[in-house]
Amino acid sequence: MRAARPLTVLPLLFACLASPTVAEEEAPVFAVHFSNGVISPSILEVPADKRFKIELYNDGSTPIEFESIPLRKEKVLAPGASSFLVFRSLKAGDYAFFDDFHLDMPPARLIAK
């Protein structure tokens, strides 16, 4: 009986773990900027039924909270901070989102097509 050679398998294992998957490479990234109640862009078009990422930037001097009831997502950012949200799959539709700390400003829309 011959003993297995684990050292010959390790380089292949590391290569598989280090390389990104096709889904990660193809996921589009969208940026949304918040500045003291103003959301830019106010309408964001994203692909439906496909994974995507939204990068959030607080360019203002006050905290913001990305809030979307239909998307069931929320994220608080301090002034100057950034973060992101990943969406695995979103059905086609029109989804409102807003800055929960600046309710006097109009909401923005995320449109999945």
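**Salt bridges, a buried Asp and the core**

Reader: What's the relative accessible area of Glu-45?

Author: Glu-45 comes out at 45%, so Glu-45 is partly exposed. That class lies between buried (under 20% relative accessible area) and exposed (over 50%), using a 1.4 Å probe and protein chains only. This is a predicted model, where local features need pLDDT of at least 70, side-chain atom pairs count only at pLDDT 80 or more, and totals for chains, interfaces and linings use all residues. Residues are numbered from 1 along each chain as its sequence is written, and side-chain values use heavy atoms, without hydrogens or water.

Reader: Which side chain meets Glu-45 in a salt bridge?

Author: Lys-113, at 3.5 Å, N to O. A salt bridge here is a side-chain nitrogen of Lys or Arg within 4 Å of a carboxyl oxygen of Asp or Glu. Glu-45 sits in strand S3 (residues 43-46) and Lys-113 in the segment after strand S9 (108-112), so the pair ties together parts 68 residues apart in sequence. Strands are DSSP runs (E, at least two residues), numbered from the N terminus. Lys-113 is exposed, at 61% relative accessible area.

Reader: How many salt bridges in total?

Author: Two, by this rule. Asp-94 and Arg-109 also pair, at 3.0 Å, N to O. Asp-94 is in S8 and Arg-109 in S9, so this bridge links parts 15 residues apart in sequence. Asp-94 is partly exposed at 45%. Arg-109 is partly exposed too, at 35%.

Reader: Switching to Asp-99. Buried or exposed?

Author: Asp-99 is buried, and has no salt bridge. The nearest side chain of opposite charge is Lys-75, 14 Å away. Lys and Arg count as positive, Asp and Glu as negative; His and the chain ends are left out.

Reader: So what does the side chain of Asp-99 reach at 3.0 Å?

Author: The backbone nitrogen of Phe-101. The backbone nitrogen of Glu-65 also lies 3.0 Å from a polar atom of the Asp-99 side chain. Asp-99 itself is in strand S8 (residues 93-99).

Reader: And what does Asp-99 touch?

Author: Phe-34, Gly-37, Ile-39, Ile-64 and Glu-65, not counting residues up to four places away in sequence. Contact means heavy atoms within 4.5 Å.

Reader: Core next. How many residues in the largest nonpolar core?

Author: It has 22 residues. Such a core is a set of buried Ala, Val, Leu, Ile, Met, Phe, Trp, Tyr and Cys residues joined through side-chain atoms within 4.5 Å. Phe-34 and Phe-97 are among those with the most contacts inside.

Reader: What is Phe-97 in contact with?

Author: Partners beyond four places in sequence include Val-32, Phe-34, Phe-66, Arg-109 and Leu-110.

Technical notes. Helices (H or I, at least four residues) and strands (E, at least two) are DSSP runs, numbered from the N terminus. A polar contact is a pair of N or O atoms within 3.5 Å; within protein, one must be able to donate a hydrogen and the other to accept it, and residues adjacent in sequence count only if both atoms are side-chain atoms.
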